[in-house]
Amino acid sequence: MERVASIERNTNETKIQLSLAIDGEGRSNLETGVPFMDHMLDLFTKHGQFNLTVDAKGDIEVDDHHTTEDIGICLGQTLREALGDKRGIKRYGNAFVPMDDALAQVVVDLSNRPHLEMRAEFPSQKVGTFDTELVHEFLWKLALEARMNLHVIVHYGKNTHHMIEAVFKALGRALDDATTIDPRIKGVPSTKGML
């Protein structure tokens, strides 16, 4: 069964078309209007071995907030839909990723319980024109809409770009781990009998 999902979301602030294939080859086609998000989503896709297409048009003349937030919403919704009933998945994923001076860790539980715990202090408020506070906004909306526990820890780092890059690479790898089908698992990996 193909684990794929697509969404089209139109508001007064953004118009987004997004499609996700969990079992991909790390291919991305990204036009978000936010160059830093294109870069981060490309890293996420490559390291998660997903296929991701995003066409987003937002009110970036205001700032990048609405576009970044709404991409997180759409990505979370497609991830949740593509996973279906979650039969046979490993459910949990954990990844450490170094990026030069920075070390990030991302731990996920595809539990159907949304929660974001983020421990990161970025030295700079901006990377280029991108507001670094939007990393939290993106991750919170992703966790909320995918209905997953998402724990993000940047253990250390000096360069803000490197720190955020390590987070997105680790996010891809942790989700790749959690979404992997394990033939030993019968049904869903929960004593409740559902996720």
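Contact here means heavy atoms within 4.5 Å. With that in hand, welcome to this predicted model, in which local features need pLDDT of at least 70 and side-chain atom pairs count only at pLDDT 80 or more, while totals for chains, interfaces and linings use all residues. Residues are numbered from 1 along each chain as its sequence is written, and side-chain values use heavy atoms, with hydrogens and water left out. Among contacts in the protein chain between residues at least 6 apart in sequence, 76% join residues at least 24 apart.

**Overall build**

- The protein chain has four helices and 10 strands, where helices (H or I, at least four residues) and strands (E, at least two) are DSSP runs numbered from the N terminus.
- Read along the sequence, these elements follow the pattern β-β-β-α-β-α-β-β-β-β-β-α-β-α.
- The radius of gyration of the protein chain is 16 Å, close to the 16 Å that the globule rule gives for 195 residues, so the chain is as compact as a globular protein of that length. This radius is taken over C-alpha atoms, and the rule is 2.2 Å times the number of residues to the power 0.38.
- Along its principal axes, the C-alpha trace spans about 50 × 40 × 30 Å.
- Of the 195 residues, 53% count as buried (under 20% relative accessible area, with exposed over 50% and partly exposed in between; 1.4 Å probe, protein chains only).

**The sheet with β1 to β4**

- This open sheet of four strands has the order β1-β2-β4-β3, with mixed pairing; two strands pair if DSSP finds at least two bridges between them.
- Its edge strands are β1 (4-10) and β3 (27-31), each pairing on one side only.
- β3 runs parallel to strand β4 (residues 51-58), and five bridges join the two. In β4, Asn-51 is the bridge partner of Arg-27.
- Helix α1 (residues 35-48) lies across β3 and β4, at about 165° to β3. Axes are lines fitted to C-alpha atoms, for helices over the stretch in contact, and angles run from 0 to 180 degrees between N-to-C directions.
- Helix α2 (residues 65-83) lies across β1, β2 (14-21) and β4, running at about 35° to β2.

**The sheet with β5, β6, β10 and β7**

- Here an open sheet of four strands takes the order β5-β6-β10-β7, again with mixed pairing.
- β5 (92-99) and β7 stand at the edges with a single partner strand each, so one side of each is left without a neighbour in the sheet.
- β5 pairs with strand β6 (residues 102-109) in the antiparallel sense over eight bridges, and Ala-102 in β6 is the bridge partner of Met-99.
- Helix α3 (residues 134-146) lies across β7 and β10 (149-156), at about 155° to β7.
- Helix α4 lies across β5, β6 and β10, at about 150° to β5.

**The nonpolar core**

- In the largest nonpolar core, of 59 residues, Leu-139 and Leu-150 touch the most other members. Such a core is a set of buried Ala, Val, Leu, Ile, Met, Phe, Trp, Tyr and Cys residues joined through side-chain atoms within 4.5 Å.
- The largest share of this core, 10 residues, comes from helix α4 (residues 160-179).
- Not counting residues up to four places away in sequence, Leu-139 touches Leu-116, Met-118, Leu-150, Val-152, Val-167 and Leu-171.

**A look at Ser-124**

- Ser-124 is found in the loop between β7 (115-119) and β8 (126-127), and is partly exposed, with a relative accessible area of 32%.
- Leaving aside neighbours within four places in sequence, Ser-124 is in contact with Thr-132 and Thr-160.
- The C-alpha atoms of Ser-124 and Asn-159 are separated by 8.2 Å, with the two residues 35 apart along the chain.
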